[in-house]
Number of protein chains: 2
Amino acid sequence: MAHLVEISDPADPRLADYRDLRDVELRKSLEAEHGLFLAEGEKVVRRAVESGHPVRSLLMAPRWLDGLADVLDRTEAPCYVVSEDLAEEVTGFHVHRGALASLERRPLPSVDEVLAGARTVLVLEDVIDHTNVGAILRSGAALGVDAVLLAPRCADPLYRRAIKVAMGAVFQLPWTRLTEWYDALPDLSARGFTTVALTLAPDARPIEECVAGLDKVALVLGSEGHGLSQRWQQAADRRAIIPMSAGVDSLNVAASSAVACYVVARRS
Amino acid sequence: MAHLVEISDPADPRLADYRDLRDVELRKSLEAEHGLFLAEGEKVVRRAVESGHPVRSLLMAPRWLDGLADVLDRTEAPCYVVSEDLAEEVTGFHVHRGALASLERRPLPSVDEVLAGARTVLVLEDVIDHTNVGAILRSGAALGVDAVLLAPRCADPLYRRAIKVAMGAVFQLPWTRLTEWYDALPDLSARGFTTVALTLAPDARPIEECVAGLDKVALVLGSEGHGLSQRWQQAADRRAIIPMSAGVDSLNVAASSAVACYVVARRS
């Protein structure tokens, strides 16, 4: 079981993993360098620990110890017990849901492993907002997606904010990062997937029609601002659109992905 | 056309409408008291002004004047021209998309007006997060909803953040607030709508099946945390669920509403 360590000095070096959590750029380099990621909130901390990622440490105020007793039982890592004020001073924000954990990243699985047995795959090109990546993973997991592939520039699903919005779906849904961008879609076609790009291109057809009767489908979504790159739009086997009312710009990427996953997962 | 007024003193009382925009509680009372709302960003400011709400004033840095020349042409209101630093000092945040406008609220339309001719209506019970209200309005407008009714405790769609996330859909989609909560759904049934509550209740049926063949539908969504009240779940004509994968908690309300609007608008 975790050993409890009370800390009252905000400068204590053992708190290094938890510093300045709102400084996105600092955190990205710190977490990459140390191969760690942070989970926040009782439910997400539990799922992260249960997922088997080695635990570096936990951090919480005393009143959260009881509710997380089952989690503390599962690990030998230190649990730093601090006041809520100290937690806020170190992390830079008020930790609403009480607990934080720092965990080790593991090597990402290969594309082969992630695709094994998958029939419905989501491929994200350059979704750069952590909230959107989290929301898309949560919807994908709920709506029947089997695996997710991320293009090289897509935001990190293990970033604290993404994990939180995903409600831990990042530990449930197999995913990995593509190392290669240019031929990623032809590679999926060669593996037997029909790649279906969601786009506003004039030749796009309604998504229900595009996926009807298909066996293995890779649904391909682009970035928040500009959608898919020209290369990916052209490399996809089919171009699909969610039919929309006149005069509306578009759906945001999280809403589009929820609708598209629903339609694709229920294709007949 | 708007008259340009350069202001260099952050304490200038003419800037009162734009103070402390991140202080949600302060803003709620200030905006209610003065009957105003704020639009933020070039596109949203344009839509707000075009919607016909009387303009109290605009506020922008000099470099945004050209892009908004068409908007400035349409109004007699003052446009306060300030440095970006001063804008940040007054509002409390960096105004990314350049322009702000303060506009007058108008009396809300009656339920009768909003429902005239509507075949697909969205009813929100206690969605209290402005981002979610905005996202739901945007998806509703894109996916074929004709009108929106908000329960008394639902968040304000004219709050700056909601308008921004909705990308102005709040000016496009007819909406109003219900004054009565308890009998709101029976009242809709009496007007010829089949009320369909989205819920995780055990007797809920898949939403496609629930809405097949219906003419006028009111799709009813509940709050972020606890979903619909018992009263509304029981008062609805039908209870519907979006079928989900095992082991996933649920979709968030913005994703559920996008999927549900898509399904309901395409009912046959």
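**Terms and values**

Guide: A:Tyr182 has a relative accessible area of 44%, so A:Tyr182 is partly exposed; buried means under 20%, exposed over 50%, and partly exposed in between, with a 1.4 Å probe and protein chains only. This is a predicted model, where local features need pLDDT of at least 70, side-chain atom pairs count only at pLDDT 80 or more, and totals for chains, interfaces and linings use all residues. Residues are numbered from 1 along each chain as its sequence is written, chains are lettered from A and ligands numbered from 1 in the order in which they are written, and side-chain values use heavy atoms, with hydrogens and water left out.

Visitor: Why is A:Thr176 called buried?

Guide: The relative accessible area of A:Thr176 is 1%. The limit for buried is under 20%, so the word applies.

Visitor: What is A:Thr176 in contact with, leaving aside its neighbours within four places in sequence?

Guide: Among them are A:Leu108, A:Pro109, A:Val148 and A:Leu150; contact means heavy atoms within 4.5 Å. The backbone oxygen of A:Pro109 is 2.7 Å from a polar atom of the A:Thr176 side chain.

Visitor: Why is the pair of A:Phe37 and A:Phe171 called tilted?

Guide: A search of the whole structure finds four aromatic pairs over all chains. For A:Phe37 and A:Phe171, the ring centres are 6.0 Å apart and the planes are at 35 degrees. Rings of Phe, Tyr and Trp (its six-membered ring) pair if their centres lie within 6.5 Å; planes under 30 degrees apart count as stacked, over 60 as edge-to-face and the rest as tilted. The pair is therefore tilted. A:Phe37 and A:Phe171 are 134 residues apart, and both are buried.

Visitor: What makes the pair of A:Trp181 and A:Tyr182 edge-to-face?

Guide: The planes of A:Trp181 and A:Tyr182 are 70 degrees apart, and the distance is 5.9 Å centre to centre. The angle is over 60, so the pair counts as edge-to-face. A:Trp181 is partly exposed, at 29% relative accessibility.

Conventions
Polar contact = N/O pair within 3.5 Å; in protein donor to acceptor, adjacent residues only side chain to side chain. Helix = DSSP H or I, 4+ residues; strand = E, 2+ residues; numbered from the N terminus.
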